Amino acid sequence: MQLRNLRGLARCAPLLLGLLLALALAPGARAGEPLRLAMVGGIQLSGVGERLRACLEAATGVRLELVAVANKEAIVPRFVRGEVELLLIHGGSETFALQAAGLGGRMQVWGFNEHVLVGPAEDPAGVRGAADGAEAVRRIAAARAPFVAFRDAGSHEIVQRLWKQAGIRPAADWVLPDEGERPQEILAQAARQRAYVVVGGIPAAFGKLHGEGLEILLRGDRRMRRAYVALEPGPAHPASAAAREGARRVVDYLVSPAGQADLAAADAEAGGPWIYGLAEAPPALSAGRGAASPASPRH
């Protein structure tokens, strides 16, 4: 792990040559204050977060202090209290609410994580090898095979998207409620009920979710990706002028071609694909960038 980290930092070494000059010119640096950052857990868990943070610091001259790595419920209140000035988080109702309250400012999509379809190794519905997620859920519905409706916001969003795309009306004889008290229990339930479920690819791969006899049966469908956004402080946020300028520079670089190249390199060094860049957006989000290409698994 230490060797991988050194390789990730070494890739950014050319940028470090200009770091002292950038620090001297940076408003945040003159104020002597780091830009306080929080991110959702999957970014850091995958190994991409730390590598990417080093490159962002080197390229922009903005010192990034990682204050919190947790789920939305834990990091959004810290942003509201002014303890954090930049969020790397999934876009959704929480981020829109922050903008509506004036606490959140500019919000930019910078990457995507992927959800996967997990199910019993014996695969009673025959979804292994399905062309995409919509075809997989069609097979599950046709077989009336058990499917757990995970309450996780991201999984719920993806499943609703797939059902709509597949023209499926879920029914109680095969769609099962999520019975767990904690999200980490979802695969244990699916294992007990020999059921299929859609979960985040990163926690499934890194052991945050456990289920005996289950396998990842489908991945690589671009429609099963969810956007990560960078949320800057809005007018009602107590961030300093230096922090606002630092956040703007970090986000501008992250979405630039150079920043996206750094993201791709950090992902590769972490053994990905874990986080996909803007060029690999889901079809609905790619319309402005030209024709969408079909789903193409990278594993």
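Start at Asp132, at the beginning of helix H9: one of its side-chain oxygens comes within 3.3 Å of the backbone nitrogen of Ala134. That is a polar contact (a pair of N or O atoms within 3.5 Å; within protein, one must be able to donate a hydrogen and the other to accept it, and residues adjacent in sequence count only if both atoms are side-chain atoms). You're looking at a predicted model, where local features need pLDDT of at least 70, side-chain atom pairs count only at pLDDT 80 or more, and totals for chains, interfaces and linings use all residues. Residues are numbered from 1 along each chain as its sequence is written, and side-chain values use heavy atoms, with hydrogens and water left out.

Now select all of H9, residues 133–143; helices here are DSSP runs (H or I, at least four residues) and strands are too (E, at least two), numbered from the N terminus. Its buried residues (under 20% relative accessible area, 1.4 Å probe, protein chains only) are Gly133, Ala134, Ala136, Val137, Ile140 and Ala141. They sit on the same side of H9, because they cover an arc of only 160° around the axis, taken from the directions from the helix axis to the C-beta atoms. What do they pack against? Show strand S4 (104–120), strand S5 (147–149), helix H10 (153–166) and strand S8 (214–218), with contact meaning heavy atoms within 4.5 Å. Just past H9, click Arg144, which has a positive phi of about 50°.

Next, hop to Ala281, in the loop between helix H14 (257–269) and helix H15 (283–286). Ala281 counts as buried because its relative accessibility is 0%.

Conventions
Buried < 20%, exposed > 50% of the residue type's maximum accessible area, 1.4 Å probe, protein only.
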